[in-house]
Amino acid sequence: MLPVWGAGILLITSHSHLGSFTIQQARSMDRHISHNFQIPPASLSIFTVLTVLMGLPLYERIFLPFARRFTGNPAGITCLQRMGIGFAINIVATIASALVEIKRKAVAAQHGLIDQPTTVIPISVFWLVPQYCLHGAAEVFMAVGHLEFLIDQSPESMRSTAAALNSLTTSFGNYLGTLMVSLVHNYTGNDRNWLPDRNLNKGKLDYYYWLVTGVQYKPLEELTESSKETDVELANNKNSSSAAN
């Protein structure tokens with residue numbers, strides 16, 4: 001159970017940048033919705049919230065009935081399968097983050113703004129919206145599946161402990177994200193720092209996103225293998241029950 005719990009920590013780590021680097025990116029981009037109104041950088045997180053709010057009922061009303069037709073499972077898919085889908089979506093989200101940062105820096109270079117960190121780059125802030133929505137979709141699958149797995153696999157007397165472990169993933173995930181940023185600062189040095197404090201245009205934030213993408217690959221592989229083993233076990237139990245009848 002602990003390796004699956006650890007996978008939830010990495011999910012939080014992978015989108016901890018939404019409250020830091022993505023806001024820095026948004027501050028450097030064109031945030032105008034109308035001629036007189038600009039969307040505040042930190043308000044972009046509303047797209048993650050809206051995705052979760054819309055995604056949960058869509059999952060229950062559309063995805064689950066559709067999945068039941070193919071799997072024969074009353075739950076549609078297993079908890080591990082749900083977590084695996086969430087992790088896959090999350091990897092796509094971090095890839096999108098890297099590609100948007102490459103695009104943002106390319107526009108900055110095109111307009112000669114690399115050395116002007118306070119100047120607004122003529123690229124819409126809504127380029128950042130897809131990654132927020134993808135992270136929200138990943139939450140719909142991963143967060144709920146993670147909690148269900150921990151509770152289902154725990155004895156009756158330890159289910160409150162399992163719920164507490166699920167809550168700890170947020171704090172541990174953010175601490176791990178901070179550790180990754182600190183290690184990047186230490187190993188890339190002052191001259192070639194991927195994540196400079198004063199001028200993000202000169203950094204390699206896209207490299208950091210590729211690093212986060214790579215870190216998520218192993219947990220996804222483990223979840224896939226665990227899901228296959230669970231499917232085999234369920235099939236064997238079903239065959240044993242049929243034979244006994």
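Trainee: Is Gln25 buried or exposed, and on what relative accessibility does that rest?

Mentor: A residue is called buried under 20% relative accessible area, exposed over 50% and partly exposed in between, with a 1.4 Å probe and the protein chains only; Gln25 counts as buried because its relative accessibility is 0%. This is a predicted model, in which local features need pLDDT of at least 70 and side-chain atom pairs count only at pLDDT 80 or more, while totals for chains, interfaces and linings use all residues. Residues are numbered from 1 along each chain as its sequence is written, and side-chain values use heavy atoms, with hydrogens and water left out.

Trainee: Where is Gln25 found, and which residues does Gln25 touch beyond four places in sequence?

Mentor: Helices are DSSP runs of H or I with at least four residues, strands are runs of E with at least two, and both are numbered from the N terminus; Gln25 belongs to helix H2, residues 21–27. Contact means heavy atoms within 4.5 Å, and, not counting residues up to four places away in sequence, Gln25 touches Glu101, Arg104, Leu128, Leu200, Leu205 and Tyr209.

Trainee: Where is Ser28 found, and what is Ser28 in contact with?

Mentor: Ser28 sits in the loop between H2 and strand S1 (29–30), and Ser28 is buried because its relative accessible area is 7%. Leaving aside neighbours within four places in sequence, Ser28 is in contact with Arg104, Thr119, Val120 and Ile121. Between the C-alpha atoms of Ser28 and Ile123 the distance is 8.9 Å, although the two are 95 residues apart in sequence.

Trainee: Which residues line the second largest pocket?

Mentor: On a 1 Å grid over the protein atoms alone, a pocket is an open set of points with protein on both sides within 12 Å along at least five of seven lines, where a 1.4 Å probe fits, and lining residues have an atom within 4 Å of a point. Here the lining consists of Gln24, Arg27, Ser28, Arg104, Pro117, Thr118, Val120, Asp197, Arg198, Asn199, Leu200 and Asn201. They divide into 3 nonpolar, 5 polar and 4 charged residues, where Ala, Val, Leu, Ile, Met, Phe, Trp, Tyr, Cys and Pro count as nonpolar, Asp, Glu, Lys and Arg as charged, and the others, Gly among them, as polar. The volume of this second largest pocket is about 260 Å³, a volume being the space filled by probe spheres set on the grid points, which are joined across faces, edges and corners.

Trainee: How many residues of H1 are buried, and what span should helix H1 have?

Mentor: The expected span of a helix is 1.5 Å times one less than its number of residues, so the 13 residues of helix H1 (residues 2–14) should span 18 Å, and the end C-alpha atoms, 19 Å apart, agree with this. H1 is mostly covered, with 10 of its 13 residues buried, including Val4, Trp5, Leu10 and Leu11.

Trainee: What is Asn166 in contact with, leaving aside its neighbours within four places in sequence?

Mentor: Asn166, which lies in helix H6 (residues 159–188), is in contact with Trp5, Ala143, His146, Leu147 and Leu150 once those neighbours are left aside. Asn166 is buried because its relative accessible area is 18%.

Trainee: Where is the place of Ile85, and is Ile85 buried or partly exposed?

Mentor: Ile85 lies in helix H4 (residues 79–110) and is partly exposed because its relative accessible area is 31%. Not counting residues up to four places away in sequence, Ile85 touches Phe63, Ile77 and Phe141.

Trainee: How many helices and strands does the protein chain have?

Mentor: The protein chain has 8 helices and 2 strands, which run α-α-β-α-α-β-α-α-α-α from the N terminus on. Of its 245 residues, 41% count as buried.
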